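Good morning, everyone. Please look at the structure on the screen while I take you through it.

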Amino acid sequence: MRKTKTVRFQETVDVYVSPSSSVLDTEDNDSYLTNIAQHIAKRAIAIAVKTVKEEDKNIIKNIKWLTHGDFTPERGRRQIQLFIARTWNKRGLWSHYTKLTEKKDLGHSFHYKYTARFAMPTANIPMVLGSVAAFFTIKFNKNKPKNAPIDVSYTFESQKLLNRPGMVKFRDEWHIRFIEGRDITMAAIPF
């Protein structure tokens, strides 16, 4: 009699059971069971290796940010450039620049606001029609010790979700979707 057994890895394995008893014959079936066990073990190892490789691809990267004692507005701008270059895997020919756009004194802290603008120029269109912006805020707290790291956050244009470095993995598709969404909106408006 043949029974079908579903194992944990969603793979079906046929096991031969002797009709005379519910126990497997030891001589003939030992090698058969060994083969099944080896097959299942190989599949488990292959799935584990695949999972580890996928986790390696999805590592969220970050950089060591400046401390309050080392911070200047220009160093903050350079840190943002470094963060983008090292952690945002931008495919294609995305070019970008970062500039300080605003400094706010809130009494207990300074908020430095930077704009990082991205565009994808091509040989056919060197003057880009659309660009995407990421808005970074560096919070410099006046009461924190000089060795405390600065607080950094960022948002993308037309979004309210506040991102923090090292918490979210950047996806290149986000920029493309922003530009496509803007193009669709602009096409719907008659000029």
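Predicted model: local features only at pLDDT ≥ 70, side-chain atom pairs only at ≥ 80, totals over all residues.

Four strands form an open sheet in the order 3-4-5-6, and their pairing is antiparallel. Strand 3, residues 95–105, and strand 6, residues 151–156, stand at the edges; each has a single partner strand, so one side of each is left without a neighbour in the sheet. On average, neighbouring strands of this sheet are turned by 20° against each other, direction ignored.

How many bridges join strand 4 to strand 5? There are eleven, between residues 109–119 of strand 4 and residues 131–141 of strand 5, and the two strands run antiparallel. As an example, Y112 has I138 in strand 5 as its bridge partner.

Two helices pack on this sheet. Helix 2, residues 73–87, touches strand 3, strand 4, strand 5 and strand 6, and its direction makes about 140° with that of strand 3. Helix 3, residues 173–188, touches strand 4, strand 5 and strand 6; the angle between its direction and that of strand 5 is about 120°.

Let us look at helix 2 in detail. Which residues of helix 2 are buried? They are G76, Q79, I80, F83, I84 and T87. Seen down the axis of helix 2, these buried residues fall within an arc of 135°, so they line one face of the helix. The buried residues of helix 2 pack against strand 3, strand 4, strand 5 and strand 6. On the other side of helix 2, A85 and R86 are exposed.

Finally, I turn to a single residue. S109 lies in strand 4. Is S109 buried or exposed? Its relative accessibility is 0%, and buried means under 20%, so S109 counts as buried. The side chain of S109 makes a polar contact, at 3.2 Å, with the side chain of H108. Apart from its neighbours within four places in sequence, S109 is in contact with K104, K139, F140, N141 and K142.

Thank you for your attention.

Key. Residues numbered from 1 in each chain as written. Heavy atoms only, no water. Pairing = 2+ DSSP bridges. Axes fitted to C-alpha atoms, helices over the stretch in contact; angles between N-to-C directions. Contact = heavy atoms within 4.5 Å. Buried < 20%, exposed > 50% of the residue type's maximum accessible area, 1.4 Å probe, protein only. Arc of directions from axis to C-beta. Polar contact = N/O pair within 3.5 Å; in protein donor to acceptor, adjacent residues only side chain to side chain.
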